[in-house]
Amino acid sequence: MTLDGLSLVCKRWKMVINDNELWRENFIKFFGSKQFQSLTRSTQWRTELLMRKELAQRWIKGKGMYHAYAVRNGVITDIAADFRNDKLVLFSKNTGDLTITSLRSNKGETPITGVFPNGTTSCELSKNAMIFGRWDGKVYLKLLNQKNVYLNDSISLKESTHEGIVTVTKINKDSISGKHGSVRAFSGDHRGRVIGWDLKNYQKVVDWPISNASITNIESNYQDCVIVRDQLGIIYVIDHNLKDSKGPMRSLRIIKTEKIDENATFSMQVDFGDENIVISYENKVRVYSYSLHKFGHFSELEVAEDDQVYRTVISQMNLQCCRKDDTLAGHDGLLCGTIFKSGKTVIWNVRSWEDQQPIPIIHVIVPKFQHYVYLNEDSPRVVSLDINSSVIIFGSHNSYCSLYDAVSGEFMRFISRKLPRKILLHDQILPVTEILLDKEDNFATNGVIVMGNIIQYFQFGEQKNYDKFKKKMARNSLKRAGVDDRKVKNRRHIKDDVEDFTFQQVQEQQKSELLDKYNGDSFEDEEEEMSIAIALSESLKVKEREEGNEEEEEELKRALELSRSQSAILGDEVVGHEDQRLNSKDRELNYALDLSKRENQRSKIFPDGEGSSSRIESDLDNTSNNDDELELALKLSLIEH
C-alpha cells in the first residue's frame, strides 16, 4: 500500500499524508539525500519524489533509439546543440571547418570549409552565431541561423579598438538578439582590455580597461554581472546592467588567486545563481564566493597528492542564472562533477560548502562500462561526463557510456551501442570528447555523444511535454512572488483579443485587395493587369462556348424526336396495306381449293361411260374451265410468294 493509496481512506488520513515533512522523510529514505538539484522547481517533496520516480523509470525501461553518423569535417572541438529545433552545430579548430546538420538524423548536412578569418587567435561557438578575434585586434561575427549560410561572410564588428591580440572571446549561448544597447558578446586582449558587443547592431557597447595583464577567461550571465580573469590569476567581478549598458563601469571587485602555468589544464565556471566561482587545475578544485556577505571566501576539494584533475563540469547551464531558492525541495543545489586521472569521479554540491572547510562530497563513483580500452597513463578510464537534475552520464571510448542516478548515485543502465564498422574504420579507438544532455527540458531523456568526427544520438522513451505541470509551477511561482494570477490572465486575455482583432483586419484588407484586383481597380504593375485581363477573357470564351454547345444539343434532341414520330406513323400505314394484300390472296387460294374439291366429287358420282353424251360434254367444258381457273390461282399464289 502506497502513501497515495492511504490518502484515499478518509479525510483525516489524507490530511496527515499530505504533510510535506512526511514526504521529505520518505524521499530521504528512498534516495538517501536531502540536498540535491531540484527537478520540478517545487516546494512540495511529494511532487519531487513522484516525478523523479517516473523519470527514472523512463531512463531505465524506456525503449532505446540510437542513430550514429559521421560528419565531413575533421576532429570536432566545439559543439552546440538545439534539441528543440533539431539542430546541431559542429566546429573543428584544427581545420576551420563548420558543419550544421540535423541532430537526430543528420539530414540536410551543411559543411562549410575555411570559416576561420585569416589571423584568428580566439573563437567561440553558439547555436546561432560564431565570434572570432584576430591578432590585429579586429573582431568578426558569423551568423548561423540564416538559410544561405554559404553566402554569409563573416561580419566585421564596428569600432574594433583592441590595441593588440584578441586572447579570448565569449558569446551568449542561448540568444544573440536583444534590444538596442544590450551586450551579447565579449572580447578581451593581451593588454587587459574587455569590450562588450551589441550583436544586433554590430557595434561596441562597453569598453573597460581592467588589467595590465592578458585576459584569459570571461564569463557572464548577460544581465548584471561579468567575471574576468587575467594571466596573473586575479579575478575581477564587474556589476553592470548589461541590458542597458550606457555609462561607465559601476563597480569592480577583485579576488586574488594563484598564478597558473600557461601550459596547465585550467577551467573556470561560474554559478551566477548563488555567486560562486569554480576553478580547477592540476590537483586543486576550489570554490570562491563573490557574494557581498562572504566575498573572497573559498573552499577546496580534497585531492590525493598523486592524483590530478582531468575535467570539471557543472550541471545544466540555465540554472546557473537562477537565484538560489532555499524553499524548494532539495534546497536548490547545483551539482558538479570532477574527473580524476585515477579513474574515479567525485560528485559535489557547488552551493553547499563552508569557508576554509573541505567541500562535502556527495558521491565517489568509479563508473563501469560494457567494454574498456586502456590507452595510456594520460588518458583516464573516464574522459567525459555531463550532469542534469536527474542523471549523470559518464563517457569512455568508442561511444561506451553508463548512466547513474544524480541523487542516489546508483547505476541505472548502459547508454550507447557499438558503432557500426562503416563508421568506425580499422578498429579505431576514439575517446568520447563531449556528452550533451537535453537541458532545455528537465524531463527529457535524450542526448548526444561526440567522438572525433562521429556523432551518436540516443533517446529513451517518448519525449513528453509536461505543459500542464509547468503551467501549474509557473502559477505557484507567481503566487510566491506576490504577483496576482488574475492580472496575468487579464493581460493574456487582452493580448489574445488584440491578436484576433489584428488578424481580422489583415483578412479584411486582403479580401478588399483581391476584390479590387478582380474588378480592375488596382494592380501592382502592368504584367499583373495583363495577366488578369487574359484570365477574364479566357473565362468569357469558355462560358460562350459552353452556352453554344447547350443550344446545339437541344436542337439535335428535337430533330431526333421528330424523326422517331414520323417513322412510327409510316410503319403503321405499311403494316395496314400489307395485311389487306395478304387477305385478298388468301381468299383467292381458298376459292381455288373449293373448285378442286368439287371436281373430285363429280368424278366419283359419274364414272367413265355413264350418263348422256351431252352431260359429259358439258361436264368436260366445266372441268376445263375449272382447271384454267385453278391454274390461274396457283400462278398468282407463286408470284406473290
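Arg41 is found in the loop between helix 3 and helix 4, where helices (H or I, at least four residues) and strands (E, at least two) are DSSP runs numbered from the N terminus. This is a predicted model, in which local features need pLDDT of at least 70 and side-chain atom pairs count only at pLDDT 80 or more, while totals for chains, interfaces and linings use all residues. Residues are numbered from 1 along each chain as its sequence is written, and side-chain values use heavy atoms, with hydrogens and water left out.

Arg41 has a positive phi of about 55 degrees although it is not a glycine. With a relative accessible area of 24%, Arg41 is partly exposed; buried means under 20% relative accessible area, exposed over 50%, and partly exposed in between (1.4 Å probe, protein chains only). Asn106, also not a glycine, has a positive phi of about 65 degrees. Asn106 lies in the loop between strand 4 (97–101) and strand 5 (110–112) and is buried, at a relative accessible area of 17%.

The helices on either side of the Arg41 loop pack against each other: helix 3 (residues 20–31) and helix 4 meet at an angle of about 35 degrees, with axes 8 Å apart. Axes are lines fitted to C-alpha atoms, for helices over the stretch in contact, and angles run from 0 to 180 degrees between N-to-C directions. Helix 3 contributes Asn20, Trp23, Arg24, Asn26, Phe27, Phe30 and Phe31, and helix 4 contributes Trp45, Arg46, Glu48, Leu49, Arg52 and Lys53; contact means heavy atoms within 4.5 Å.

A nonpolar core is a set of buried Ala, Val, Leu, Ile, Met, Phe, Trp, Tyr and Cys residues joined through side-chain atoms within 4.5 Å. This core has 25 residues, of which Trp59, Ile393, Ile415 and Phe458 touch the most other members. Helix 4 gives the largest share, four residues. Leaving out residues up to four places away in sequence, Phe458 touches residues including Trp59, Met65, Tyr66, Ile393 and Ile415. Apart from this core lies another, of 16 residues, among them Val206, Trp208, Ile215 and Ile218.

Strand 28 pairs with strand 29 (residues 411–414) in the antiparallel sense through three bridges; two strands pair if DSSP finds at least two bridges between them. Ser402 stands opposite Phe414 in strand 29. The two strands form a hairpin with five residues between them, and Gly409 in the turn has a positive phi of about 80 degrees.

Elsewhere, four strands form an open antiparallel sheet in the order 18-19-20-21. Strand 18 (266–271) and strand 21 (298–300) stand at the edges, each with a single partner strand, so one side of each has no neighbour in the sheet. The twist averages 15 degrees from one strand to the next. Strand 18 and strand 19 (residues 276–281) are joined by six bridges, with Asp271 opposite Asn276 in strand 19.

Two serines remain. Ser389, in the loop between strand 26 (384–387) and strand 27, counts as buried at 2% relative accessibility, and its side chain reaches the backbone oxygen of Ser38 at 3.4 Å. Ser512, in helix 6 (residues 485–519), is partly exposed at 33%; its side chain reaches the backbone oxygen of Gln509 at 2.7 Å.

How values were computed:
A polar contact is a pair of N or O atoms within 3.5 Å; within protein, one must be able to donate a hydrogen and the other to accept it, and residues adjacent in sequence count only if both atoms are side-chain atoms.
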